[in-house]
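Trainee: I am new to this structure. Could you walk me through it, one question at a time?

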Amino acid sequence: MASPLIQLALDSLDFDQTINLAEQAAPYVDIFEIGTPCIKFNGIEIVKALKAKYPNNLLLVDLKTMDAGEYEATPFYAAGADICTVLGVSGMATIGGVIKAAKAHHAEVQVDLINVPNKVECARQAAELGAQIIGVHTGLDAQAAGQTPFADLQDIARLGLNVRISVAGGINQTTAKQVADAGADIIVVGAAIYGAASPASAARLIRLHADGKATHRHFVLDKIASVLATTQDAYNEQLTDMLDNARRIFISGAGRSGLVCRFFAMRLVHSGYDVSVVGEVVTPSIRPGDLLIVISGSGETEQLIAFTKKAKEVGADIALISAKDDSTIGDLATAVFQIGRADQYKKVVGMPMGTVFELSTLWFLEALISHIIHEKGIPEEIMRSRHANLE
């Protein structure tokens, strides 16, 4: 079975934002849909702009035509639309008018079945008229009420019509493969891409899922990439300044976060900093002018709270690296470096017990070291000379 086409719904009213989103997703999607709000606000100019910039992507203009089909669709086909939509509830006369306009421009028509009472009969009649695409569409209001497009998709697929079936309605990374397996030829994705921290990563993962090529490795990499994409770029300079202004550096974490601490401590030593890991038998006492870096996803680990309170008592600075912007340790800290957003750490299938935070933090800190050595011009040979040689 051929891989389904991926269609991205571009629903923003902002012209530049729409073009920017298209640029990010272009390598992974086949069809750009100029959504109804977008086309109403921006008009025919956005059709021309997208067609000129992305000639290799199909362009669908979601007119949702309800009357005067040929008259309304013609200028959009002339501007470069490959597909225009017409509402199934408009009736066969209007659908026929859009089909006539499409034929004149060697283009296609999609009949949108949203709110059609008898979807099977409408699809059959539209196909007989010459429509090339039937759109099974669960609208936003219906989605909010818990409806999905799957039952309608199965009903239309069973007809065996000589059309492509497009499916829209809350499709995301976890449902893309299910929709493809159910018989969709075109998978329409909106918020799962444009609402993602990294639209490019989200589009790539949906492409892989739809093609049946997604692996756990892809999932993990894309999840971490999305977390890092929402982590503030300014943290590099801010944390580097705290490191440079500290007399000595102490690093602490518990469990797997503690292992990340050790990764970071080693690289800081290689970079020329005076570093100790809290809990080692040779760790000296912390003093004013020192810096304690705490890595804690929750910011609530009791042992780390105790360390933080002691550091604050003696007048040391404290930097918390966390998944949260508000916590007990955060309230005591001089600065909080939040990795990603809190909502990105809700239950993630296949990545148990803090994995997202720990791996994202490790990558963040490795990138920070890269920033430091390039900003300071520290040669690889110097770092190697500081590496342990009693091994």
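Mentor: Gladly, and a definition comes first: buried means under 20% relative accessible area, exposed over 50%, and partly exposed in between (1.4 Å probe, protein chains only). Helices (H or I, at least four residues) and strands (E, at least two) are DSSP runs, numbered from the N terminus. This is a predicted model, where local features need pLDDT of at least 70 and side-chain atom pairs count only at pLDDT 80 or more, while totals for chains, interfaces and linings use all residues. Residues are numbered from 1 along each chain as its sequence is written, and side-chain values use heavy atoms, with hydrogens and water left out.

Trainee: Within what arc do the buried residues of H1 fall?
Mentor: Helix H1 covers residues 15–25, and its buried residues are Thr-18, Ile-19, Leu-21, Ala-22 and Ala-25. The arc is taken from the directions from the helix axis to the C-beta atoms. Seen down the axis, the buried residues of H1 line one face of the helix, because they fall within an arc of 160 degrees.

Trainee: Which elements do the buried residues of H1 pack against?
Mentor: Contact here means heavy atoms within 4.5 Å. By that rule, the strands packed against the buried residues of H1 are S1 (5–10) and S2 (31–34). The helices are H2 (36–42), H3 (44–53), H10 (191–194) and H11 (199–210).

Trainee: Within what arc do the buried residues of H3 fall?
Mentor: The buried residues of H3 are Ile-46, Val-47 and Leu-50. They line one face of the helix, since seen down the axis of H3 they fall within an arc of 105 degrees.

Trainee: At what angle do H14 and H17 pack, and how is that angle classed?
Mentor: Axes are lines fitted to C-alpha atoms, for helices over the stretch in contact, and angles run from 0 to 180 degrees between N-to-C directions. Under 35 degrees counts as roughly parallel, over 145 as roughly antiparallel, 65 to 115 as roughly perpendicular and the rest as oblique. Helix H14 (residues 255–270) and helix H17 (residues 355–376) have axes 10 Å apart and pack at an angle of about 5 degrees. That makes H14 roughly parallel to H17.

Trainee: How many disulfides does the structure hold?
Mentor: A disulfide is a pair of cysteine sulfur atoms within 2.5 Å. The structure holds zero disulfides. For Cys-84, the nearest cysteine sulfur is 14 Å away, and that sulfur belongs to Cys-38.

Trainee: Is Cys-84 buried or exposed?
Mentor: Its relative accessibility is 0%. Cys-84 therefore counts as buried.

Trainee: Which residues does Asp-244 contact, leaving aside its neighbours within four places in sequence?
Mentor: Asp-244 sits in helix H13 (residues 235–245), and it is partly exposed because its relative accessible area is 36%. Its C-alpha atom is separated by 8.3 Å from that of Tyr-273, 29 residues apart along the chain. With those sequence neighbours left aside, Asp-244 is in contact with Tyr-273 and Lys-376.

Trainee: What is the phi of His-106, and where does this residue lie?
Mentor: His-106 is exposed, because its relative accessible area is 77%. The residue lies in the loop between helix H5 (92–104) and strand S5 (108–112).
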